[in-house]
Amino acid sequence: MPFPWFRRPRLTFDPPRLRPRREKKFDIPADLAEIAPELRQFLGQAACVQLSSFERLSALVALVPGVTAKEAVGHAAARAFARHQNLVGELARLGAEPEREMAPYVERLERFAEVTAGHEWPERVLGAHICGGLLDDFFVALSRGVKAEGVKDLPALFAVDPADGRALDDLLRAPLAGNAQLAAQLAMWGRRLVGDTLLIARSALRLTGDAEADDPHTEPLFAGVIAAHTRRMDALGLTA
């Protein structure tokens, strides 16, 4: 059972400095390869993340009100599973055992799914939207620094459809309309989600542990990911 959000542990992630909100593109450092993981490790964690997104969205189908909403969430779940299959298929093509490559990340992602689930369906929808969006953006960006010999187009394996994010936005607009209390609740919930999600993202990086050496590589990457998150929250009228 998920823990109540107000009892969740304090986060230990120190957010990077943000770029201005008008920024439209990720500012990816030229030496991203310095912090990118090995290809199989990257594919294993990314595949596990997409499987977790699929499970989260699939569970939402029974909770959201109305057939149209259920169909929208179902389509988003199907596309998350398709991304998972793309990544697993690439692991198999490289001669790796997908389950073995995913195994180191399963327990942590299960715990992550628990503490970021939420309770009522608007919290759960926002959780799927924010966590999924942040991690999709992060792994697509990080993929550009992975040494991917034999993989033609690593970012294309994700095939993220912007329509999924718009569909989740639409689900939240009706309950948010004129409901200041819910807006405040979801804005706070969204802020809590960011720390947990960025800890998952940071665990994918190959870091030295020396902030002075790591920060020049990580800050531009995280600033771009957070800028995209801020735009998602702005689109809902919520404060990031």
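Which helix is the place of Trp189? Trp189 sits in helix α6, and we'll come back to it below.

## What you're looking at

This is a predicted model: local features need pLDDT of at least 70, side-chain atom pairs count only at pLDDT 80 or more, and totals for chains, interfaces and linings use all residues. Residues are numbered from 1 along each chain as its sequence is written, and side-chain values use heavy atoms, with hydrogens and water left out.

## The overall build

The chain has seven helices and zero strands, so the run of elements from the N terminus reads α-α-α-α-α-α-α; helices (H or I, at least four residues) and strands (E, at least two) are DSSP runs, numbered from the N terminus. Of the 240 residues in the chain, 48% are buried, where buried means under 20% relative accessible area, exposed over 50%, and partly exposed in between (1.4 Å probe, protein chains only).

Take contacts, meaning heavy atoms within 4.5 Å. Among those between residues at least 6 apart in sequence, 83% join residues at least 24 apart. The accessible surface comes to about 12000 Å², and 54% of that belongs to carbon and sulfur atoms; areas come from the Shrake-Rupley method with a 1.4 Å probe, and for residues only the protein chains shown count as cover.

## Cysteines

If you're wondering about disulfides (a pair of cysteine sulfur atoms within 2.5 Å), a search of the whole structure finds zero. Cys48 is buried, with a relative accessible area of 6%, and Cys131 counts as buried at 2%.

## Helix α3

Helix α3 covers residues 98-115, 18 residues in total, and reaches 26 Å from its first C-alpha to its last, close to the 26 Å expected at 1.5 Å a residue. That expected span is 1.5 Å times one less than the number of residues. There's a kink of about 45° in α3, centred on Pro104; the bend at a residue is the angle between axes fitted to the seven residues ending there and the seven starting there.

The buried residues of α3 include Met102, Tyr105, Leu109 and Phe112. Their cover includes α1 (39-61), α2 (67-93), α4 and α6 (180-202).

Trp189 and Glu123 are 66 residues apart in sequence, with their C-alpha atoms 7.4 Å apart in space. The Trp189 side chain reaches the backbone oxygen of Glu123 at 3.0 Å.

His129 is in helix α4 (residues 121-143) and, at 6% relative accessibility, counts as buried. Asp169, in helix α5 (residues 162-176), is also buried, with a relative accessible area of 9%. Their side chains make a polar contact at 2.8 Å, that is, a pair of N or O atoms within 3.5 Å; within protein, one must be able to donate a hydrogen and the other to accept it, and residues adjacent in sequence count only if both atoms are side-chain atoms. Leaving aside residues up to four places away in sequence, His129 touches Gly165, Leu168, Asp169, Arg232 and Leu236, while Asp169 touches His129, Ala235 and Leu236.

## Helix α7

The 25 residues of α7 (residues 211-235) should span 36 Å at 1.5 Å a residue, and the end C-alpha atoms are 33 Å apart, which agrees. A kink of about 40° lies at Thr218, shortly before the proline Pro220.

After α7 comes Gly237, whose phi is positive, near 75°.
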